[in-house]
Amino acid sequence: MHKSTLYLLLVFSTLLLVPLVFAQKVNDFPKKTDPLHIKVNMFDKLIRGNHWNEGTIMQHVIFPPAGLDRPIIGSQADCLDNTAEMLAAYSYKYALTNNPNDRDFANQLFDGLLKLETVTGIPGLIARSFNKTDKPLWHEKVLWYPMEWHWSTSMKGYRWLGDLSADKFTSLFYTVGIFWELCADYEYKQKAAELLDRFLGRIIDNNFKLTDLDGKMTLWGNFCPNLPHQSLNSLEMLMALKVTYRITGKERYNAAYHMLIDRYHYDDHQLQSKILWPDEWKNPWDDDHAAKSLYMLMRYEDDRSLLIKYRMNLNRHWYDWQNHDFTFVGDVWLIILYQLLTGEDVLTEKRIQGIKDMWGFDRRKSEFKIPTEDGYKIVESEEEGSATAMIRNYWFGRYCGLIDPSW
Amino acid sequence: MKTLLIFLSVCVTATMAGEPQNVHHAPPKGMVFVPAGNFIMGSKYGDPDEKPQHIADTKAYFIDKYEVSNSEYAEFNPDFTYPKEKENNSVIVTWEQAKAYAVWVGKRLPTEKEWEKAARGTDGRIFPWGNTYDNTFVVWDLRYPRGSAIAKPESPYGCFDMAGSVWEWTADWYKPYPGNDIPMEQYGEQYKVMRGGSNFCNYSFLRTTHRYYIPPNTTGRYPVGFRCVKDIE
């Protein structure tokens, strides 16, 4: 074959291969008009195919050519939330299907949570996220707090993101609690109990402060009775203690729960978790974590006087939630949860339509400002958000009997 | 009991401090006067680097009533741009930029001691206004200008926004207090201390004693501004 023909053939083959190298694993999106169960199934495949990171679920994926030859994790600050939502989803799903594949996937997600602890090298210290890499990735400098990325001392070739927050704390107790309750076998129940014991034990040892690698309290990790903290954090700590006591059976957690109530009045402090005024102070993420906390506490608590207080908290939330529209997927979780906990029928036709219209994400093109040695370069690439809240909502609703399989 | 003793000690020392350095000096425009004397520094309940709670002292000085604004900073650096509607918002800059501004305007950055004393006075309070917290006491959102907290609380010497709004640079390297032997690899001359918390952290970071550290050549995505002090001749 002539040399130039060979060269052309080589170039042509390379051009054909480039999209394959850069292509995402899963590219099929549902249509907005598809039935809910089809949409959930397709977004589930997108998440499992494109967002998987060694047991954790990436909240935000940036595809090549943005800086690397493989998909990278964008803002990884909330990776633990998405992993937790997926684990809860598969725990609810397994409770319905009894399918060993669903349980196996849930176990892999739980192992991902364990890896978030292992990578820090300190028992009970959990990372927000991690990456296997031989050098710092560009997004560390621009998408979160650069000082919070660390080389792992326990897993060579990994970097992890610290500064765990109260949100991640809450997601962990919620999801591990649900996994333990509905999905885990004996071996994984043990692992779940040990993880929460290490995590919460370390926080209690530090006077209810979530401390980081440097020994300082993290930006949002304040549950300390001796320091001023958000009312929501009091609620979250009570939930964590209740769940951990139930799972581990260790009296230490029951005693701490009652100490915070009897001596420090966390049961009263939690009442004002919901900011009702002014509107700009309302925070949908706070709603989400209050809901997770109340969902666990109100099912596990049997003291009537405490239940009344938790219900008061829920009522204050409902005062706001009842006016939400369904443009935000998080609202579906709140409405289903409220109906489940109160027995009130709040699923109006409009809200049911909102559930049916749930959507995960659209893949979009964005420009990224990638730092270089002498400044930065602008690169256009594709990115995806997450659909784990939608998937969790669906299987939660199915589990509660409030979402019809035919929808 | 220990706190009471420390407080009494501050009171006695403050009384003995004598007149000359505590004569009230009329502050320059936009500044307030902080008298010389002792105050309670640090905390028993905060992070390890806030310990031990101890008595510290300062000379008298003036300190800016508000954090430096975007428009004030732009007078120093004409290349600095900001949205027109944010001219009275606190500027966000690196330590190096803050220091350069302070020198240009004939002032300097406060030491940690000066910052903490201006924020909490001499009675060891947790926040600039006292010991309880409410969202209405702070500039909760950086869309809003300096001093726009609903309750508009002042520190004991008349400073605004020393809790919340933006973090504030101090002149000091991040080092342990005397008597603190809890090891931290971050101590040394690598990081500068910022104080006061911002709109993006838990309430406890807004305490007058809380310390945080970042390199002087970046804000690291933290909203960090500053206010200046001026020596009394």
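Setting aside neighbours within four places in sequence, Asn222(A) is in contact (heavy atoms within 4.5 Å) with Phe208(A), Met217(A), Leu227(A), Pro228(A), His229(A), Asn233(A), Asn202(B) and Ser204(B). This is a predicted model, where local features need pLDDT of at least 70 and side-chain atom pairs count only at pLDDT 80 or more, while totals for chains, interfaces and linings use all residues. Residues are numbered from 1 along each chain as its sequence is written, chains are lettered from A in the order in which they are written, and side-chain values use heavy atoms, leaving out hydrogens and water.

Asn222(A) belongs to strand β9, residues 217–222 of chain A; strands here are DSSP runs of E with at least two residues, numbered from the N terminus. Asn222(A) counts as buried because its relative accessibility is 0%, and buried means under 20% relative accessible area with a 1.4 Å probe, protein chains only. Its side chain has two partners, listed here as N or O pairs within 3.5 Å, one able to donate a hydrogen and the other to accept it; residues adjacent in sequence count only if both atoms are side-chain atoms.

| Partner of the Asn222(A) side chain | Distance |
|---|---|
| side chain of Asn202(B) | 3.0 Å |

Now to the interface between the chains. Chain A and chain B bury about 2700 Å² between them, with 63% of it on carbon and sulfur atoms; buried area is the accessible area (1.4 Å probe) lost on being put together, summed over both parts. On the chain A side, Met147(A), Lys216(A) and Trp281(A) lose the most area to chain B, together 26% of what that side buries. The contact draws 26 residues from chain A and 34 residues from chain B.

Terms used
Helix = DSSP H or I, 4+ residues; strand = E, 2+ residues; numbered from the N terminus. Buried < 20%, exposed > 50% of the residue type's maximum accessible area, 1.4 Å probe, protein only. Buried area = accessible area lost by both parts, 1.4 Å probe.
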